[in-house]
Amino acid sequence: LALLSLPISLISIAISICVVIFSISISIKRWHDIGKSGWWTLTTLIPAINIIVWIYMIFKKGDVGSNQFGSPQK
């Protein structure tokens, strides 16, 4: 059992890093979709504000047509 703990831990860490990177990239794309800078993703690191930010991102409609970040994704 002890021999398996290190490989399982390393695999778990690798998967976690991939999930974090994917989540950040999706969040940045969503901010671009509503016409804001991807740096707004950092607001989700503030504990009391992150719930409000996520609710805003969920319900805010994206820009119609192109904005400064390019055309909308399909």
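## Contacts along the chain

Of the contacts in the chain with a separation of 6 or more, 55% join residues 24 or more positions apart. Contact here means heavy atoms within 4.5 Å.

The model is predicted: local features need pLDDT of at least 70, side-chain atom pairs count only at pLDDT 80 or more, and totals for chains, interfaces and linings use all residues. Residues are numbered from 1 along each chain as its sequence is written, and side-chain values use heavy atoms, with hydrogens and water left out.

## Overall dimensions

The radius of gyration is 17 Å, whereas a compact globule of 74 residues would have one near 11 Å. That radius is taken over C-alpha atoms, and the globule rule is 2.2 Å times the number of residues to the power 0.38. Along the principal axes, the C-alpha atoms fill a box of roughly 55 × 30 × 20 Å.

## Surface and burial

Buried residues (under 20% relative accessible area) make up 15% of the 74 residues.

## Helices

The chain has two helices and zero strands. These are DSSP runs, numbered from the N terminus: helices are H or I, at least four residues; strands are E, at least two.

Helix α1 covers residues 2-33. Its 32 residues should span 46 Å at 1.5 Å a residue, and the end C-alpha atoms are 47 Å apart, which agrees. The expected span is 1.5 Å times one less than the number of residues.

S27, R30 and W31 are buried in α1. The buried residues of α1 pack against α2 (47-59). G35 follows α1 and has a positive phi, near 85°.

Key: Buried < 20%, exposed > 50% of the residue type's maximum accessible area, 1.4 Å probe, protein only.
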